[in-house]
Amino acid sequence: PGTPYVFAVASVAEDTRDGSWLAIDKYGRREPLIGASVSPLSAQTAPVSTLQYDFEFSSFTAFKTLNASATDVRATLGPTGQWGGEGHYGLYILGDANIENCNASVACCDGFDAAVAETLGLANACTAGVTACYVAGNAHLNEQVNGINSRPTPSNVASMDRSDLNEEAWSALASAGKNSSTAQLGGIGAEKIFGIIGDDYVSAVPAAACGGRLRLTSSFSRLSGATWYPRNVDVREGFETRFEFEISQPSLRCQSMEDVYSRCRSRGGDGFAFVVQQNSPTALGEAGMGLGYDGITNSIAVEFDTFYNEELGEPYENHVSVHTKGWREGNSANQIASLGASVRAPDLTSGTHEVIIRYTPKVDALQDVLAAGGARAGGPTDALPSTATIYDFLTNAEHASGAQADWATGLGILQIYLDDPASPLLTVPLNMDGTLDLDHGRAWVGFTASTGEDTFQTHDILNWNYISLRQEVPHFPSPIVNGIGAHACVDPNNCVHK
């Protein structure tokens, strides 16, 4: 990140009748053929630097949810799966998630002027040209997305037909591009921004400033929400993502004996998760103890769980755990799907917490992994736990037939740091490329959260950034390719490389 560099180019003329000119690696590279004619290098370019982050949200406003990437829609597929121009792609916001002050009760705008609102009225509190946000109540996900059963939930992913809206409402929504719950005020004035409640179109005058938090759920029962960065990002070559979160406004739960409260405790539920998935940019899993990711196939979740569910085999009410069932099955919040968990986390519901999640695709030696654990300022670390799920990935697929398991091509490590950037709370082994069926090494990243029937709380993300580590991963082609080779698949569904 932030690496300065210069480059120069040269032309190469080769005999394309030699078929070996097609033998390139996964990055599109190879050595020049014998006898190739290479021109002198051009003059070097002016110094430039790589981006500090692939994307960054220092805070969350209505404008930042919009797609502000390249306007030229022409694109080609790069050797590492990159598609389209660079830029900020905004957010897909699903279910009960929203940016702060944009929900079914209130609309908002960036730069809301409370003093103007008090003296001249709400309709004048937003300057023309800023971005407003409101909930469009009839914009719903489909009942089923990629095999995941989800109840209809509001979404900012465009899914409405023009015939469903009157012209005034459509004009407001059309300014939002792909984000149908966000609209530009432009010169039409705040009073022209329309919200939708059922089948009625009503004026939604902004009454507060948007953000700066991303609210995955508010503190009500039976809520679930998700948000995804709309562009696939590189996860195979390693990544580091950082964010701050705050869990607040817990519900009060009381025990009773003979209709008399005997003990009351302010403790909410259920928690949230950072998720890497190659299923759908509109994925939303099971609510409640499912934390919004349960059931999403082809996914890995790092959950921050605040409520003890005995039926899931959880270690404690306050824990961090990494869950996956690979690309063949839907993910599960049950502890049997965990690669490792830690109960050494500080109280997740108290104050603001800083998180770093780092995936390193290649480790040179076991001692490097153990050294990466170390002693935490906040207490001991959990490094390389032994779980049934880890064993499964080392012995599944065609391992029983003498061929490869999912993790036979090597192991990396996933590390979760919580309030201590010097030492991880939890370190688990992981082969990202072998666990998930990635799109040229890429996947969607984002957050999910949910609340319970009787226990609930507000889940807020305060800021978020992501950077690919771009560590070249050694590639060892499997003898199993589409069921053909020295070790043909006994069961095609178990092929490591499909």
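The model is predicted: local features require pLDDT of at least 70, side-chain atom pairs count only at pLDDT 80 or more, and totals for chains, interfaces and linings use all residues. Residues are numbered from 1 along each chain as its sequence is written, and side-chain values use heavy atoms, with hydrogens and water left out.

Begin by selecting strand 32, residues 458–468. Strands (E, at least two residues) and helices (H or I, at least four) are DSSP runs, numbered from the N terminus. Buried here means under 20% relative accessible area, exposed means over 50%, and partly exposed lies in between, with a 1.4 Å probe and protein chains only.

Strand 20 (residues 239–248) pairs with strand 32 in the antiparallel sense over 10 bridges. Within that pairing, threonine 241 stands opposite tyrosine 466. Strand 5 (residues 55–57) also runs antiparallel to strand 32, joined to it by three bridges. Here phenylalanine 55 has tyrosine 466 as its bridge partner. Strand 17 is paired with strand 32 through three bridges, again in the antiparallel sense. In this case leucine 214 stands opposite isoleucine 461.

**The nonpolar cores**

Now select Phe243 and Trp464. These two touch the most other members of the largest nonpolar core, which has 56 residues. A nonpolar core is a set of buried Ala, Val, Leu, Ile, Met, Phe, Trp, Tyr and Cys residues joined through side-chain atoms within 4.5 Å. Not counting residues up to four places away in sequence, phenylalanine 243 touches Phe272, Phe274, Phe304, His353, Glu354, Val355, Ile357, Phe447, Ile461, Asn463 and Trp464; contact means heavy atoms within 4.5 Å. In soluble globular proteins, nonpolar side chains tend to be buried together.

**The two disulfides**

How many disulfides does the structure hold? There are two, a disulfide being a pair of cysteine sulfur atoms within 2.5 Å.

Select cysteine 108 and cysteine 210, whose sulfur atoms are 2.0 Å apart. The link is right-handed, with 100° about the S-S bond. It connects distant parts of the chain, 102 residues apart: cysteine 108 belongs to strand 10 (residues 108–109), and cysteine 210 to the loop between strand 16 (200–203) and strand 17 (214–217). Cysteine 108 is buried at 0% relative accessible area, and cysteine 210 counts as buried at 7%.

Move to cysteine 109 and cysteine 126, which form a disulfide with a sulfur separation of 2.0 Å. The torsion about this S-S bond is about -90°, so the disulfide is left-handed. Cysteine 109 lies in strand 10 and cysteine 126 in the loop between helix 1 (114–120) and strand 11 (131–133), so the pair ties together parts 17 residues apart in sequence. Both ends are buried: cysteine 109 has a relative accessible area of 0%, and cysteine 126 one of 9%.

Select helix 4 (388–395). Which residues of helix 4 are buried? They are Thr389, Ile390 and Phe393. Viewed down the helix axis, the buried residues fall within an arc of 105°, so they line one face of helix 4; the arc is that of the directions from the helix axis to the C-beta atoms. These residues pack against strand 25 (319–324), strand 26 (338–342), strand 30 (426–430) and helix 5 (432–435). On the other side of helix 4, Ala388 and Tyr391 are exposed.

Alanine 397 follows helix 4 and has a positive phi, near 55°. Continue to histidine 399, in the loop between helix 4 and strand 29 (412–418). Histidine 399 is partly exposed, at 39% relative accessible area. Neighbours within four places in sequence aside, histidine 399 contacts Leu394, Gln404 and Ala405.

**Serine 299**

Finish at serine 299, in strand 24 (residues 299–305). Is serine 299 buried or exposed? At 1% relative accessibility, serine 299 counts as buried. A polar atom of its side chain lies 2.8 Å from the backbone oxygen of isoleucine 296. Leaving aside neighbours within four places in sequence, the contacts of serine 299 include Val275, His323, Asn331 and Leu436.

Key
A polar contact is a pair of N or O atoms within 3.5 Å; within protein, one must be able to donate a hydrogen and the other to accept it, and residues adjacent in sequence count only if both atoms are side-chain atoms. Two strands pair if DSSP finds at least two bridges between them.
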